[in-house]
Each structure stands twice: as structure tokens, then as C-alpha cells.
Amino acid sequence: MMAGTTDSPGSASSDEAAGGGPAPAPARRSWLWHWPDEVACAASAQALAGTIATHPDLRDATIELLGPLGAGKTTFVRQLLRALGVSGRVKSPTYTVVEPYHAGGLDISHFDFYRFEDARELVDAGLRETFAAPGLKLVEWAERAGAWRPAADLQLEIEPQADESRRVRVRALTPRGEALLA
Ligand SMILES: Nc1ncnc2c1ncn2[C@@H]1O[C@H](COP(=O)(O)OP(=O)(O)OP(=O)(O)O)[C@@H](O)[C@H]1O
Ligand SMILES: [Mg+2]
């Protein structure tokens with residue numbers, strides 16, 4: 001569901017949202033993946049982590065994880081964080097909204113906007129500074145932040161199938177997003 005995307009903030013400082021209305025950016029490239037299980041998900045996470053680790057210009061990328069409750073968004077983020085060298089517990093930020101990590105000289109913020117009923121809560125929570133700061137941003141339930149969210153470079157839309165496998169629609173929205181999968 002796309003709650004929050006209609007009440008555009010019309011922010012003076014938001015170039016992406018200029019013109020009033022968060023029209024979804026067209027994908028520059030898209031792919032269809034299939035994860036039969038969590039092992040396949042981990043393999044994708046490892047490949048992505050390898051690309052990020054070797055390309056310093058990709059370190060400030062924003063990656064959105066889309067998909068229904070229980071799709072496997074946190075699972076993918078957890079595997080990506082581990083692959084990037086984060087050790088210890090990775091908890092879902094459903095209640096804290098954001099969890100910060102640091103590994104291998106890389107700052108990472110894991111967001112979850114599930115609880116947001118109004119996109120303005122993101123501003124009230126002072127999260128725009130975190131968005132503007134350097135570092136990798138991994139965002140669950142980004143659509144609930146409406147036009148206030150950081151512009152995504154890459155979207156992974158995870159669709160659970162009847163057999164418990166996952167179909168993943170991958171969209172690169174920027175050159176950086178394309179480079180993440182090159
Ligand atoms: N690729 C996968 N294949 C099979 N099962 C998976 C896969 N990814 C996640 N799961 C299972 O799905 C369940 C939900 O996963 P997860 O918590 O990552 O979902 P989520 O999308 O983050 O949900 P929420 O919207 O509540 O944040 C977990 O039990 C997990 O083990
Ligand atoms: Mg989650």
C-alpha cells in the first residue's frame with residue numbers, strides 16, 4: 001500500500017519532490033530474481049556487499065526493501081550487514097525506526113518506517129539529517145515516508161510465493177543503482 005505518498009510535503013529543499021508529487025522514478029534497469037530459500041537470499045546479499053566494499057563511490061547508496069509483512073526484508077538486510085562485516089545482533093528497527101552500524105570504515109543506517117502513519121513523522125523524528133549524512137541507507141517500508149524519504153538508488157521488491165520461495169523485482173533508479181549490480 002502506498003499510504004503517505006499522496007500528502008506530499010512540497011518541501012522547499014527537496015529537489016526530487018519539486019513539482020509537488022512523488023512520482024515514482026522510472027527504473028533505468030530492472031531484473032527479476034528468484035530466491036528459493038534464505039541461502040539464495042544470502043548469496044545475493046554477499047554479491048552486493050562485495051560490490052559496495054570495492055567501490056567507495058557506492059558507499060552512500062540508498063537501497064529500499066519493499067514487500068508485504070514477512071516478505072523477508074529484514075532477513076536480506078541482516079545478511080547484507082553480516083556480509084559487510086557487521087558482527088553481533090542485528091535487530092529489526094520496527095520500534096526504534098533506525099539502527100546505526102559501522103563496519104569496515106562504512107557507516108550504515110537501517111530504517112524501518114512501518115509504524116509511520118504520516119510521512120511528517122519522519123521530519124518530526126529528526127531523520128532528515130540522517131538521510132543527508134554520508135553512509136549506506138537500507139530502508140524498509142520506505143513508502144510510508146512518502147516524499148520525505150531519501151531518493152532510492154536501488155529497490156528490491158520481495159514477493160513471497162505460495163511455495164515460500166521469493167520473487168524479487170529489482171530496479172535500479174540511478175546510475176549508482178546500476179553500478180550496485182554491475
Ligand atoms: N528468502 C527467503 N526464503 C524463505 N523464507 C524467508 C526468506 N526470507 C525471509 N524468510 C522468512 O520469512 C520470515 C519473515 O522475514 P522478515 O522478518 O525478514 O520479513 P520482513 O519483510 O522484514 O517483515 P516486516 O514487514 O514485518 O518487517 C522469517 O521467518 C524468515 O525466516
Ligand atoms: Mg522487517
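Tutor: We will take the terms one by one, keeping in mind that this is a predicted model.

Student: What makes β6 and β7 a pair?

Tutor: Pairing needs at least two bridges between two strands. Strand β6 (residues 154-160) and strand β7 (residues 166-172) are joined by 7 bridges. Therefore they count as paired, because 7 meets the requirement of at least two. They run antiparallel. P160 stands opposite R166 in β7.

Student: What is the order of the strands in the sheet?

Tutor: The order is β1-β7-β6-β2-β5-β4-β3. These 7 strands form an open sheet with mixed pairing.

Student: Why are β1 and β3 called edge strands?

Tutor: Look at their partners. β1 (29-35) and β3 (98-103) each pair on one side only. That is what puts them at the edges. On average, neighbouring strands of this sheet are turned by 15° against each other, direction ignored.

Student: Which helices lie against the sheet?

Tutor: Helix α1 (residues 38-54) lies across β1, β5 (136-140) and β7. Its direction runs at about 140° to β1. Helix α2 (residues 73-83) packs on the sheet too, touching β2 (62-66), β3, β4 (106-112), β5 and β6. The direction of α2 makes about 160° with that of β5.

Student: Why is α2 called largely enclosed?

Tutor: A residue is buried if 20 or more other C-beta atoms lie within 10 Å of its own. In α2, 8 of the 11 residues are buried, so the helix is largely enclosed by the rest of the structure. Among the buried ones are K73, F76 and L80. Their cover includes α1, β2, β3, β4, β5 and β6. Just after α2, G85 takes a positive phi of about 105°.

Student: Which residues come nearest to ligand 1?

Tutor: There are 16 residues around ligand 1, and C41, G72, K73, T74 and T75 come nearest. α1 and α2 are the elements that give two or more residues to this shell. α2 gives the most, with 3 residues. By class, the shell has 4 nonpolar, 6 polar and 6 charged residues.

Student: How do you know which part to treat with caution?

Tutor: Check the pLDDT. Over residues 1-21 it stays under 50. For that stretch the model has 30 contacts beyond four places in sequence. Where pLDDT is low, the predicted coordinates should not be read in detail. The chain averages a pLDDT of 86, and 87% of the residues score at least 70.

Technical notes. Residues numbered from 1 in each chain as written. Chains lettered and ligands numbered in written order. Predicted model: local features only at pLDDT ≥ 70, side-chain atom pairs only at ≥ 80, totals over all residues. Helix = DSSP H or I, 4+ residues; strand = E, 2+ residues; numbered from the N terminus. Axes fitted to C-alpha atoms, helices over the stretch in contact; angles between N-to-C directions. Contact = placed C-beta atoms within 7 Å. Near = placed C-beta within 6 Å. Nonpolar A, V, L, I, M, F, W, Y, C, P; charged D, E, K, R; others polar. Buried ≥ 20, exposed ≤ 12 C-beta atoms within 10 Å, placed from the backbone. pLDDT = per-residue confidence, 0-100.
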